Amino acid sequence: MRAFTSEREWERFHDPKSLVLTIAGQVGELSELFQWLPATDARDRAQEDPLKSRVAEEMADTDSVQRGGAGLKKQGRPPHDEETK
């Protein structure tokens, strides 16, 4: 994964803000698959294709974004209380 990222020079996008926004986008894509399904049908329909495959794809995308950001070094920042002063 790191070699793949490095070859494409994507490290510059691996800052906390960019990763959070990317994860939010991926979760949005996953949410979209269920948005208009009745809650009573969602579980059953997610067990069958085509929804099952689409959910797996979106989950894999979300997972790879999270894994890509797992190597982020902790950024030195003030505690939350100090930020709002």
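## Glu-58 in helix α4

Glu-58 sits in helix α4, residues 51–69. Helices here are DSSP runs of H or I, at least four residues long, numbered from the N terminus. The model is predicted; local features need pLDDT of at least 70, side-chain atom pairs count only at pLDDT 80 or more, and totals for chains, interfaces and linings use all residues. Residues are numbered from 1 along each chain as its sequence is written, and side-chain values use heavy atoms, without hydrogens and water.

Glu-58 is buried, meaning under 20% relative accessible area with a 1.4 Å probe, protein chains only. Yet Glu-58 has no salt bridge (a side-chain nitrogen of Lys or Arg within 4 Å of a carboxyl oxygen of Asp or Glu). Arg-54 has the nearest side chain of opposite charge, 4.2 Å away. Beyond four places in sequence, Glu-58 touches Gln-26, Glu-29, Leu-30 and Leu-33; contact means heavy atoms within 4.5 Å.

## Nonpolar core

The largest nonpolar core has seven residues: Leu-30, Leu-33, Leu-37, Ala-42, Ala-46, Leu-51 and Val-55. Such a core joins buried Ala, Val, Leu, Ile, Met, Phe, Trp, Tyr and Cys residues through side-chain atoms within 4.5 Å. Helices α2 (16–34) and α4 each supply at least two of its residues.

Leu-37 contacts Ala-42, Arg-45 and Leu-51, leaving aside neighbours within four places in sequence.

Pro-50 lies in the loop between α3 (39–45) and α4. The Asp-49 to Pro-50 peptide bond is cis, with omega near 10°.

Technical notes: Buried means under 20% relative accessible area, exposed over 50%, partly exposed in between (1.4 Å probe, protein chains only). Lys and Arg count as positive and Asp and Glu as negative; His and the chain ends are not counted.
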